[in-house]
Amino acid sequence: MILLRCQGCGKKVSVPAAGAAPVLCPQSGNGRDHVLLPELPLPSLRGDEKESQPLLRFADRMLAFHRCAAAGHPEIYQEIVRTLDARITALTGQSFACTPLVRSDSLSQYFGLDSRGGVWLKDDTQRPGGSHKGRHLFGTMVELLVGESLSSSHPSAVQKPLAIASCGNAALAAAVIARAAERPLLVFIPADAEPSVVLRLRELQAEITVCHRREGESGDPCYLRFLESVRAGAVPFCCQGTDNGLTIEGGQTLLAEALCELEAAARTPSRIVVQVGGGALASACSLAIETALSTGLLSSRPRFYTAQTTAVAPLHRAYQRLRTELGDALDSFTEQDWYQVAAEKHRYMWPWERVSASAAHGILDDETYDWLALVKAMARSGGRPLVIPEETILAGNALAKDATGIAVSATGSAGLAGLLHLHKEEPLQPDENVLCLFTGVMR
Ligand SMILES: Cc1ncc(COP(=O)(O)O)c(C=O)c1O
Ligand SMILES: [Zn+2]
């Protein structure tokens with residue numbers, strides 16, 4: 001029997017042989033933190049290197065694949081992934097193929113790195129929907145389709161609308177994938193969403209609700225309306241692990257690919273800097289690192305840094321509070337200790353009171369929903385949260401575009417801006433290999 005384990009309270013839940021997999025911990029809603037992730041056997045070291053589709057290459061990290069295999073039909077998984085990808089390619093002209101990892105010679109030089117070291121960039125900008133977000137949601141959709149396919153009841157009898165809250169990239173990726181799968185999608189967006197994004201969402205037939213801040217309500221109104229729709233029966237088709245743990249699974253392929261390529265180049269990453277909004281991306285990266293340590297692909301943990309802007313930095317606030325209370329003890333916390341932290345969520349993580357503007361508008365989430373995985377990743381690796389001033393966000397984006405020619409957005413290059421910031425405080429050693437992710441295209 002396949003089990004899911006809540007990372008926030010330790011509760012174990014079994015996955016049914018067919019039908020929808022549980023996405024929420026049965027104890028969620030009690031004010032503490034809950035993220036339900038599958039407990040799967042140790043995957044292969046580098047995945048199936050013949051496959052260029054991430055969910056086929058890293059199939060053995062996906063619950064959906066193991067459910068199909070347990071039912072004696074691994075081919076169902078393959079078929080669903082291939083069909084969905086083909087439909088998305090027909091719809092957008094872009095596919096979900098693995099993306100390149102490159103050593104930027106000019107950035108490496110800029111940071112004073114010699115030939116033993118380098119700045120390595122994972123370019124995830126040229127994907128359907130224009131960002132890495134589809135990695136999370138493609139995985140979530142495959143989970144849904146596999147559950148239905150294994151079930152004897154007719155899919156139309158179990159179809160519910162999908163729902164997502166987002167200001168841009170996640171909504172676009174969700175709309176592309178939902179359209180390709182012919183599913184109705186509810187999208188909750190802010191009043192200041194980019195007109196070009198709204199137009200594309202309409203073209204993709206998403207049902208849009210524009211959400212305004214309400215007097216006396218704390219937190220992102222789009223997220224609050226999304227939660228209401230889920231309570232009313234919609235499927236959380238989202239990029240928050242706290243509302244659908246399976247979103248983390250597909251997201252891990254980004255760093256899984258990058259770590260395999262670094263290993264092939266005989267490099268060991270010393271640090272990774274990840275831009276953080278709601279935190280699902282960095283949580284997925286942390287999962288890929290833990291898996292690489294378990295399989296032996298990595299022999300040591302890279303220092304894990306997160307990058308938020310001075311406009312909204314609830315993760316930094318949470319981390320500072322934990323450090324002040326617990327000091328160095330945090331570095332060697334056990335799972336049980338972390339369950340205690342999750343139980344006390346309200347003392348560390350709550351919505352940022354005054355959200356101001358930034359060019360990196362994709363990471364202005366009021367709350368870092370997946371904060372728990374990130375504080376764990378930083379504490380156990382010797383990394384820390386970086387809070388990037390706006391001028392460094394802009395400088396990082398200009399540097400990214402000049403040095404690489406990649407049309408990356410300020411959100412997408414915020415990790416590189418984080419590296420700029422870090423380098424001022426802690427200069428990199430010449431032989432270090434550091435990893436940054438370019439996650440979104442400049443529109
Ligand atoms: C391009 C891009 N990069 C990174 C992020 C951050 O991802 P997360 O919200 O999972 O932390 C976002 C979120 O919207 C994004 O759009
Ligand atoms: Zn739980």
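The crossing of helices α15 and α16 is right-handed (a crossing is left-handed if the near helix is turned anticlockwise from the far one by less than a right angle, and right-handed if clockwise). The contact is made by Thr392, Ile393, Ala395, Gly396, Asn397, Leu399 and Ala400 of α15 and Ala414, Leu416, Ala417, Leu420 and His421 of α16, where contact is a C-beta to C-beta distance within 7 Å, with C-beta atoms placed from the backbone. This is a predicted model, in which local features need pLDDT of at least 70, side-chain atom pairs count only at pLDDT 80 or more, and totals for chains, interfaces and linings use all residues. Residues are numbered from 1 along each chain as its sequence is written, while chains are lettered from A and ligands numbered from 1 in the order in which they are written. Helices (H or I, at least four residues) and strands (E, at least two) are DSSP runs, numbered from the N terminus.

**Helix pairs**

- Helix α15 (residues 390–404) packs on helix α16 (residues 414–425) at an angle of about 110°, and their axes are 8 Å apart; axes are lines fitted to C-alpha atoms, for helices over the stretch in contact, and angles run from 0 to 180 degrees between N-to-C directions.
- α15 and α16 are therefore roughly perpendicular to each other (angles under 35 degrees count as roughly parallel, over 145 as roughly antiparallel, 65 to 115 as roughly perpendicular and the rest as oblique).
- Helix α2 (residues 63–70) and helix α3 (residues 74–92) cross at roughly 140°, and their axes come within 6 Å; the two are therefore oblique to each other.
- In this pair, Ala64, Phe65, Cys68 and Ala69 of α2 meet Pro74, Ile76 and Tyr77 of α3.

**Leu394 in α15**

- Leu394 is found in helix α15 and counts as partly exposed, because it has 17 C-beta neighbours inside 10 Å.
- The cut-offs are 20 or more other C-beta atoms within 10 Å for buried, 12 or fewer for exposed, and partly exposed in between.
- Leaving aside residues up to four places away in sequence, Leu394 touches Ala359 and Ala410.
- Its C-alpha atom is separated by 7.8 Å from that of Ala417, 23 residues apart along the chain.

**Helix α13**

- Trp338, Val341 and Ala342 are the buried residues named in helix α13 (residues 335–343).
- They cover an arc of only 100° around the axis, which puts them on the same side of α13; the arc is that of the directions from the helix axis to the C-beta atoms.
- An α-helix has 3.6 residues a turn, so residues three or four places apart point the same way.
- Gln336 and Gln340 are exposed on the other side of α13.
- The cover over the buried residues of α13 includes α12 (314–326) and α14 (371–381).

**Parallel sheet and the helix across it**

- An open sheet of four strands has the order β8-β7-β6-β9, with parallel pairing; two strands pair if DSSP finds at least two bridges between them.
- Its edge strands, β8 (207–211) and β9 (235–236), each pair on one side only.
- Strand β6 (residues 162–165) and strand β7 (residues 185–190) run parallel and are joined by four bridges, with Leu162 opposite Leu185 in β7.
- Helix α9 (residues 221–231) lies across β6, β7, β8 and β9 and runs at about 165° to β6.

**Strand β10**

- Five of the five residues of strand β10 (residues 271–275) are buried, so β10 is largely enclosed by the rest of the structure.
- Arg271, Val273 and Gln275 are buried on one side, and Ile272 and Val274 on the other.
- β10 pairs with strand β11 (residues 303–309) in the parallel sense over five bridges, and Val274 stands opposite Thr306 in β11.

**Antiparallel sheet**

- Three strands form an open sheet in the order β2-β1-β3, with antiparallel pairing.
- β2 (12–14) and β3 (36–39) are at the edges with a single partner strand each, so one side of each is left without a neighbour in the sheet.
- Neighbouring strands of this sheet are turned by 35° against each other on average, direction ignored.
- Strand β1 (residues 3–6) is joined to β3 by four bridges, and Arg5 has Leu37 in β3 as its bridge partner.

**Positive phi in loops**

- Most residues other than glycine have a negative phi.
- Glu182, in the loop between α7 (169–180) and β7, has a positive phi near 55° and counts as exposed, with 9 C-beta neighbours inside 10 Å.
- Gln205, in the loop between α8 (195–203) and β8, has a positive phi of about 65° and is exposed, with 12 other C-beta atoms within 10 Å.

Terms used
Contact = placed C-beta atoms within 7 Å.
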